Amino acid sequence: MTSSIDSALGLVADWSGEALVSHHDRETRTWMFVGIHSTRLGPACGGTRLRVYSSPTEAVRDVLRLAEGMTLKCAAAGLPTGGGKAVLAVPAMPTGADRRALLLRYGRLIDTLRGTYRTGPDMNTSAVDMDVLGEVTPYAFGRSPGNGGSGSSAPDTARGVWHGIRASCAHALGSPDLAGRTVLVQGAGGVGSVLVGLLARDGAKVLVADLAAERVRELERRYGVVPVEPDDVPGTVCDVYAPCATGAVLSAATIPALRCPVVAGAANNQLAEPEDAERLRAAGILYAPDFVINSGGALHLIGTEMLGWDAATLSARVAGIGATLTEIYHHADEWGTTTEEAAETIARARLGSATA
Ligand code: PHE
């Protein structure tokens, strides 16, 4: 026990964030961790992830990394918010009355932070869960529309990725036009399936891979997409590879197999390790940094619910993801760095130049 506490505290000691709020829920033996990475630009915003971890230390590792990612995401998106994230490290996925009771206790914890941290849906949490949090705290974005929320952020995330794909094609291939281009969408969930519709509308040839074959068949019926076996994704020839499922899909193992000039998709944490950004660059593949191209969801939730944006403002800001990527690509070329490094440099400059 002592050594695991030491290793978790060691992670906090090496972290660049402001605070880690920790609470142990005795009733369910759930660790609640809220990582407040930065409040420099505004309240720390980021979703709540519900997961079974192999140990509390792994949950701490995840929340610290994810909270820092949100700081970069909000800064790059030009939002007046900082970065945070929460994980509920449960012994088993809670359901029914137990889930509700746990969320109410978690909501009260969030409420004690008085808005320093504001949450929303993330892995394994949805609008229904945000509705429960909303019973005890005003600091939950993404409640269902009937409960005062702004509805699913998935369509705006997909629209942001679509703008990002166009900007990436313009830079790497000379034109943003997607007619006749081949785009491989990995993951046909809430974001991926909307993206497929946008690409099909443009006349792109869309390839889709998903572990759930039924989802692929449905898109095949609706849009005539071409199914790809999940294992075949890395070797598939295409113009754009759009990872929209799990993270860590770009690695020392997969990058040499890629047969595409552009990687631009919605998944979080696409790089398995930092060196993968350089591996992509060396392979001549243009990579759209994930925390920039997938910021449409954050723009939707924070813009609509905290900043009072109307639909036109939101849509213009989501379109701005394309312009931000173009700027990042130019800087990366000019500075001779990876696109990931250029994006982080731009985000950190916004953080550094903020008036406290
Ligand atoms: N979890 C999502 C993200 O990481 C959405 C979210 C954004 C939730 C901002 C809360 C606040 O982008």
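## A tour from the ligand outwards

Begin by selecting the residues around the ligand, which are Gly46, Gly47, Met70, Lys73, Lys85, Thr119, Gly120, Pro121, Asp122, Ala298, Leu301 and Ile302, where a residue is near a molecule if one of its heavy atoms lies within 4 Å of it. This is a predicted model, in which local features need pLDDT of at least 70 and side-chain atom pairs count only at pLDDT 80 or more, while totals for chains, interfaces and linings use all residues. Residues are numbered from 1 along each chain as its sequence is written, and side-chain values use heavy atoms, with hydrogens and water left out.

**The ligand and its shell**

Then turn to proline 121, where a polar backbone atom lies 3.0 Å from a nitrogen atom of the ligand. A polar contact here is a pair of N or O atoms within 3.5 Å; within protein, one must be able to donate a hydrogen and the other to accept it, and residues adjacent in sequence count only if both atoms are side-chain atoms. The ligand taken alone exposes 320 Å², of which the protein buries 92%, with accessible areas from the Shrake-Rupley method and a 1.4 Å probe, and only the protein chains shown counting as cover for residues.

Colour α2 (56-76) and α10 (296-305), the elements that give two or more residues to the shell around the ligand; α10 provides the largest share, 3 residues. Helices (H or I, at least four residues) and strands (E, at least two) are DSSP runs, numbered from the N terminus. By class, the shell residues divide into 5 nonpolar, 4 polar and 3 charged, with Ala, Val, Leu, Ile, Met, Phe, Trp, Tyr, Cys and Pro counted as nonpolar, Asp, Glu, Lys and Arg as charged, and the others, Gly among them, as polar.

**The loop between β6 and α4**

Select threonine 119, which lies in the loop between β6 (117-118) and α4 (127-134) and counts as buried at 1% relative accessibility; buried means under 20% relative accessible area, exposed over 50%, and partly exposed in between, with a 1.4 Å probe and protein chains only. Not counting residues up to four places away in sequence, threonine 119 touches Gly46, Gly47, Thr48, Tyr106, Met130, Leu133, Tyr139, Ala140 and Phe141, contact meaning heavy atoms within 4.5 Å.

Asparagine 124 also lies in the loop between β6 and α4. Its phi is near 65°, a positive value in a residue other than glycine, and at 41% relative accessibility asparagine 124 counts as partly exposed.

**Arginine 143**

Move to arginine 143 in the loop between α4 and α5, a partly exposed residue with a relative accessible area of 21%. Display its side chain together with two backbone oxygens: that of alanine 140 lies 3.5 Å from a polar side-chain atom of arginine 143, and that of asparagine 147 lies 3.0 Å from a polar side-chain atom of arginine 143. Leaving aside neighbours within four places in sequence, the contacts of arginine 143 include Ala127, Met130, Asp131 and Glu305.

In helix α5, select arginine 159, which counts as partly exposed at 37% relative accessibility. Not counting residues up to four places away in sequence, arginine 159 touches Leu198 and Val318.

Helix α6 (residues 190-201) has 12 residues and reaches 18 Å from its first C-alpha to its last, close to the 16 Å expected at 1.5 Å a residue; the expected span is 1.5 Å times one less than the number of residues. Just after α6, glycine 203 takes a positive phi of about 85°.

**Helix α12**

Finish with helix α12 (residues 339-352), whose 14 residues should span 20 Å at 1.5 Å a residue, in agreement with end C-alpha atoms 20 Å apart. Thr339, Glu340, Ala342, Ala343, Ile346, Ala347 and Leu351 are buried in α12. These buried residues pack against β2 (30-38), α2, α8 (275-282), β12 (286-287), α9 (290-293) and α11 (311-335).
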